Amino acid sequence: MNKKGFGSRIVASPYILWAALFVIVPLIFIAYFAFTDPSGAFTFSNIMQIAKYKKAFGLSILYSVIATIITLLISYPMAYFMTKMKVSSQKMIMVIVMLPMWMNFLIRTYSWITILANKGLINTFLTSIGLHPVKLINTPGAVILGMVYDFIPYMILPIYTVMSKIDNSLLEAASDLGSNGFSRLRKVILPLSFPGVISGITMVFVPCVSTFYISQKLGGNKNLLIGDAIEYLFNSGPDFYNVASALSLVLMVMILICLFVMNYFTDSEEATVL
Amino acid sequence: MAKNNILELKDIYVSFDGEKVLDGLNLSIEDKEFITLLGPSGCGKTTTLRIIAGFLDPDKGDVFFDGEKFNGIPPHKRQVNTIFQRYALFPHLNVYENIAFGMRVKKRPEAEIKQEVTDLLRLVNLEGFEKRRISTLSGGQQQRVAIARAIANRPKVLLLDEPLAALDLKLRKDMQKELRNMQQKLGITFIFVTHDQEEALTMSDRVVVMDKGKIQQVGTPQDIYNEPKNAFVADFIGESNIVDGKMIEDYLVEIDGHNFKCLDAGFEKNEAVDVVIRPEDVDIVKPEDGEICGEVTSIAFLGVHYEIIVDICGFKWMIQTTDAANVGDKVGLIIEPDAIHIMKKSEYSGLYGDYSSYSDEIDQLSNPEETTEEAAHE
């Protein structure tokens, strides 16, 4: 037993070291900066300043919630229909879903600028057929579109994975007991794919809420999010590290709370229904 | 045909990827009977069940339920329920909700559902298990939940796809009896699929023996055992010696140069036939008293009786007897007329019913030298 414990500790040590160096230590730094002033004295003033960033926080959460809901509404039916297809088609669609992820995130976002810009692809097309151009770039819609486009694979993947593992005999049993297609979906597929939905929501909502690049490029100056504020402060020199850290810390705590709420839902789901 | 046929399958053909799975299957199933589809894996028995349940449409052929054509009706509109091989219980629902599933779909009132689930749990001996999660149940308990869930919808026909295969021997025997009792109590037609011939014989009113997508024989367990139609059925059901014979005339058959009286008639004169003799129907006597003679090549004590392999003109017979014998003994055999069953030659002739490989194995285990000598003789 002792030997095994020692051996596994040796094997695990690089990972523990890695986690300590690149996860724990930065977290301690953030907490330290958040509660000190530039001279290093303890203070709550950084945390107090967060009120100034209410709007950015609010927009971040609002846009992320909308983007997550849209992503879910697109991904769930897509994952469902994928599982109904031939295995070869499933694989091909999977590749198509993954393909954009192989391209650089910045390039993907930039390409939306050329599509949405005032003289971009869509408006050129609209004017060419005699319609008025529409303002697309620098709107909340453009930011949400960017979020949905960039993060949708993270929603499709977990839902598809969980759904494709549902035993076909369970669906046969449901129809054997009188369920039609819709009731099979509601009473069997939906509850059994719930864990995939939860992890999809988490994997989309968290990066959305802390994103900064999408909002800058597609949202103009009016739609700055909390990620943008943090980036701006860090770029403004060492004097602003403390406030920026405080914002990061609060954002992190918010995300943690969201995750706990999510976990509570999955756990209670299992406890009551299973 | 008869009016009380609940199900009729007519000329059913199914193939997967060009391979014939069901090859012109015709079967009538009577109301309230316990019928078993029996055969080796790949014989088409599960496919037949899936066609009745509605999970599969035949390439050709019709299914009639209560006299009405059943083709194309989806599973959820059929008055048929299935007990699946691995039970297929819903892991996200507890025992109560699993059993209530079908009634919920049918939107029956809550009080009625509650009463019904309670009654069903009593029927399958699982009172007090309502709130249990499926993953906390043993195989036998899951089996019972699956039964309760399937009969909660009051089907006219219950399909059982090897439901006992995953249980251990003792539990399997108990469940066989319970299923049989339940079937009689409920008065529902049971269509049971198994590859276990003993299970088929003990439980069924009628047995359908299948192989290669075709029905080989349909009959009561006694018919199937005593009057097998061909070498496949004779070999698949119980132990049997299947030897070549020649029908001299009605009621007289020649085996290994000796004429035996038998009870079979209706064959051509001198027609080549397969003769089935069950191991328990042969008497061992002194060589001079026997109708034919042979040499004992192996003997095994099985408690109730001995299992003796006797070499007669190069063909090895299995004989079950309470008389002991020794390897190398010359013995005579006596076969009563009613122990002889004559079958027409079929595609299965010569494939089954010889125990030479069987005896070789035993010889090699006990005395390898003798086997080589034996082999040289042959």
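1. In this predicted model, strand β1 (residues 5–16) of chain B is joined by 5 bridges to strand β4 (residues 60–65) of chain B, and the two run antiparallel. Strands here are DSSP runs of E with at least two residues, helices are runs of H or I with at least four residues, and both are numbered from the N terminus; two strands pair if DSSP finds at least two bridges between them. Within this pairing, B:L9 has B:V63 in β4(B) as its bridge partner.

2. These strands belong to an open sheet of 4 strands in chain B, with the order β2-β1-β4-β5 and antiparallel pairing. Its edge strands, each pairing on one side only, are β2 (19–30) and β5 (68–69) of chain B. Helix α1(B) lies across β1, β2 and β4 of chain B and runs at about 120° to β1(B), where axes are lines fitted to C-alpha atoms, for helices over the stretch in contact (heavy atoms within 4.5 Å), and angles run from 0 to 180 degrees between N-to-C directions.

3. Chain A, by contrast in its make-up, has 12 helices and 0 strands, and its C-alpha trace spans about 80 × 70 × 35 Å along the principal axes.

4. The contact between the chains takes 18 residues from chain A and 25 residues from chain B. Together the two chains bury about 2000 Å², of which 62% is on carbon and sulfur atoms; buried area is the accessible area (1.4 Å probe) that two parts lose on being put together, summed over both. On the side of chain B, the residues that lose the most area to chain A are B:H76, B:H92 and B:F101, which together account for 33% of what that side buries.

5. Across this interface the rule finds 1 salt bridge, defined as a side-chain nitrogen of Lys or Arg within 4 Å of a carboxyl oxygen of Asp or Glu. The side chains of A:E172 and B:R50 meet in a salt bridge at 2.6 Å, N to O.

6. The elements giving two or more residues to the side of chain B that touches chain A are α1 (45–53), β6 (80–83), α2 (95–105) and α4 (139–151) of chain B, and the largest share, 4 residues, comes from α2(B).

7. On conventions, residues are numbered from 1 along each chain as written, and chains are lettered from A in the order in which they are written. Local features need pLDDT of at least 70 and side-chain atom pairs count only at pLDDT 80 or more, whereas totals for chains, interfaces and linings use all residues, and side-chain values use heavy atoms, with hydrogens and water left out.
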